[in-house]
Amino acid sequence: MSTDPRVSLVLALADDELVIGHRHSHWTGVAPHVEEDLAFSSIAQDEIGHAVVWYGLAAELTGKDPDTLGLGRQPDGYRNAILVERPNGDWGYTVARHYLYDTAEDVRLRTLADSAWAAAAGATGALLREERYHLMHARLWLDRLASGPIEARRRLVDGLIAALAEAPGLFEPLPDEDELLADGTLPVSHDEQRRQWLEIIAGDLSALGIEHVLQGEAHHTDGEFVATSSGELLSAEESDGRSADASGGLGGRHGRHSDDFASVWEEMTGTYRAHPGATW
Amino acid sequence: MVTTATSVTPDDVRAVLDTVPDPEMPPVSIAELGMVVDVRVDGGLVELDLVATYSGCPAITLISEQVAAAVSAMPGVESVDVRFTTDVVWTPERIAESAHDKLRAFGIAPPGSGQTLVQIGSRPAPVACPLCGSTDTVADSPFGPTPCRSSSYCNACRNPFEVLKP
């Protein structure tokens, strides 16, 4: 693969969208009611469509076609955050992750809108318009579950605590972060984007009276928090001197994933691997 | 049929693009939908920049093939290069006036029916029903049968209808 640092940026964006889109699609046919069936199916289609946009940019940089990039890599070639590969769990976790992910995506798209890389900045125009609907949907459900009954609020809180423990992985610095910052491809560092994101979600969660769920995040920021639920890694090799520690859901940007990725990867790429070179 | 090479103009190409139906809203052509951004003609070579109504729209490949087929069939055209661009952002305002009634007849509220960019936390404004014109309508879901459409319901004529997302 090309050594252009922009490849790691677009693959992180594309792989997050592809994998969360695939996870969202698991609600198709089995969501709590038909409107949510439609909503999650539609959001899944959007996210996978957005992945195609980013794979298109990666294709220009690498000379590989978007299908090969999207479906033709081994698991340790994927750069998605561990958070997006987790199964949907219950509705509380689904809503929590959906909200945290789409809020993070809004921050990173608005960051890239100012990118010195014109093609990336251009792509954010349509994406931001379309992502508004995801954000509206996520916030509507965040509000609805937080407003009770008690069982709903408890499940949402549990989901937020679990998802927040791995959400830092969405803002894990890229392997080529310094180069991307230096030439303005990335106008703002992922650390700073994470701070912006935390400010937004802290506001929302405080308004709902559930800001205590942020304690895990805050501790992680202080370097004290150790996640316990994400320890299983496919590959423990150190590719760049970082430890293969999954605390904070980190590792995805370096191709290190949880056991949960294996099943979603097999399903996602199954048709492509069974029929190499097929067109549809 | 043998034709002598005649010089093709961008307007000729645009006229042909006005005959290519949108796969998901077939009463309307891709030209009427405002998908054509630029047409460049150099002798027999035609280059087209199109914009998708929704990024990653699953119909993009089909549209590319249908456009390439239609333009390739024009006398004097030797090759066609169809490209989707993100240089412009498609908005419903790109839809031609001539397409509005066709969309209504198809059960879709065209732009200008009252749909507005919804702010998070606020209620969407009522959209005029494409079937009876009433604004006594409610938004059912921001999602619909294709990524560029949402779902609404008309209390006056009691029909569900779709809205082109703003």
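**Close-up views of a predicted two-chain model**

**View 1. The contact between chain A and chain B.** In this predicted model, 23 residues of chain A are in contact with 14 residues of chain B, two residues being in contact if their C-beta atoms, placed from the backbone, lie within 7 Å. On the side of chain A that touches chain B, the elements giving two or more residues are α2 (34-62) and α6 of chain A, where helices (H or I, at least four residues) and strands (E, at least two) are DSSP runs numbered from the N terminus. The most is given by α6(A), with 12 residues. Sorted by class, this side of chain A has 11 nonpolar, 7 polar and 5 charged residues; Ala, Val, Leu, Ile, Met, Phe, Trp, Tyr, Cys and Pro count as nonpolar, Asp, Glu, Lys and Arg as charged, and the others, Gly among them, as polar.

**View 2. A cis peptide bond in chain A.** Gly148(A) and Pro149(A) are joined by a cis peptide bond, with omega about 5°. Pro149(A) sits in the loop that runs between α6 (118-146) and α7 (150-166) of chain A. Most residues other than glycine have a negative phi, and most peptide bonds are trans.

**View 3. A positive phi in chain B.** Although Arg158(B) is not a glycine, its phi is positive, at about 60°. Arg158(B) belongs to the loop between β6 (149-154) and β7 (160-164) of chain B.

View 4. The domain assignment of chain B gives domain 1 (10-90) and domain 2 (107-164), with bounds that come from an automatic or database domain assignment. Their centres, taken over C-alpha atoms, are separated by 28 Å. Domain 1 of chain B brings 5 residues to the contact and domain 2 of chain B brings 4 residues.

**View 5. Confidence along chain A.** The pLDDT, the predictor's confidence in each residue from 0 to 100, averages 88 in chain A, where 88% of the residues score at least 70. Over residues 218-246 of chain A the pLDDT is below 50, and this stretch has 52 contacts in the model beyond near neighbours in sequence.

**Notes.** Residues are numbered from 1 along each chain as its sequence is written, while chains are lettered from A and ligands numbered from 1 in the order in which they are written. For this predicted model, local features need pLDDT of at least 70 and side-chain atom pairs count only at pLDDT 80 or more, whereas totals for chains, interfaces and linings use all residues.
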